[in-house]
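The following note sets out several points on the pockets and strands of the structure shown below. Please read each point with the coordinates open.

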Amino acid sequence: MTVLEPAPISMGDVHSPIIELRRYTLHPGRRDDLISLFETHFLEGQETCGMTIVGQFRDADDPDAFVWLRGFSGMEARRQALTAFYDGPVWRAHRNAANATMIDSDDVLLLHPARAASGFTLPRDRGDLALGSLPHSIIETVTYRLQAPAEAGFLDFHEEVLAPLLRAAGNHTIATFASEHSPNTFTRLPIREGENVVIVFSRFESLHAQSAFARALRDNPAWRAELPRLETYVLAHPIVARLSPTTRSLLR
């Protein structure tokens, strides 16, 4: 079996043309147990198999949700890396402990950067982040579930109309991703297929700053005036998640 070298991480690089956004529903009180396994075993365990663990998070509004992101250089690289990890010694040693924390692990979206330069930019390396304190920052994700692929007008509408209003209200977008419709190359792990989404990632200095932004946006008449047009693109109201990075998350 070919084991890929981990993707290099250097300052200013935009990472991972393929991303998995994974949201797990956990048994009550077990989230910190799973995070401990991640921080101790699964970060380097996966990266040595050829993937980049972009970030892992507590959902600030759901105590039993764990959200994480991992990236790949392509779909074939994804197949090779996942095969190496899930057939390898790290997962074999710790899978029972990890699975015991989970109720559901199948809420997974496969994504690619919506534009050529809209992927993540990560720090130089993970370092020994375990020695630091938890970051206060919040990574906000807004998931737009679309009636058609993003290229059918929504991305232009978001960039030209919505994004300036979001910035004016205090938003700092760090990445924008859209659904990747390639066939699942690792069928042992299911993904949500047949969906059209755009997910906008933004960073706030604190939960308070994100809450202030949300209030400012809600009270902005210019934003409210664009909501009817937004509704022509989406199947339902956008889903907002407020994610608190763990100690060793690269995205923070």
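1. Strand β7 is largely enclosed by the rest of the structure, because seven of its eight residues are buried (under 20% relative accessible area, with exposed over 50% and partly exposed in between, for a 1.4 Å probe and protein chains only). The model is a predicted one, in which local features need pLDDT of at least 70, side-chain atom pairs count only at pLDDT 80 or more, and totals for chains, interfaces and linings use all residues. Residues are numbered from 1 along each chain as its sequence is written, and side-chain values use heavy atoms, with hydrogens and water left out.

2. β7 runs antiparallel to β9, and eight bridges join the two; strands pair if DSSP finds at least two bridges between them. In this pairing Glu 140 stands opposite Ser 202 of β9. β7 is also antiparallel to β10, through five bridges, and here Val 142 faces Val 240 of β10. Strands (E, at least two residues) and helices (H or I, at least four) are DSSP runs numbered from the N terminus.

3. The largest pocket has a volume of about 480 Å³. Of its 22 lining residues, Val 142, Leu 217, Trp 223, Pro 238 and Val 240 are the closest to its centre. A pocket is an open set of points on a 1 Å grid over the protein atoms alone, where a 1.4 Å probe fits, with protein on both sides within 12 Å along at least five of seven lines; lining residues have an atom within 4 Å of a point. The volume is the space filled by probe spheres set on the points, which are joined across faces, edges and corners.

4. Which elements supply at least two residues each of the lining of the largest pocket? They are β7 (138-145), α4 (154-168), β9 (197-204), α5 (207-218) and α6 (221-231). The largest share, five residues, comes from α5. The lining of this pocket comprises 14 nonpolar, five polar and three charged residues; Ala, Val, Leu, Ile, Met, Phe, Trp, Tyr, Cys and Pro count as nonpolar, Asp, Glu, Lys and Arg as charged, and the others, Gly among them, as polar.

5. The second largest pocket, at about 250 Å³, has a lining that includes Thr 141, Thr 143 and Val 240. β10 (239-245) gives the most to this lining, with four residues. Seven of the lining residues are nonpolar, two polar and three charged.
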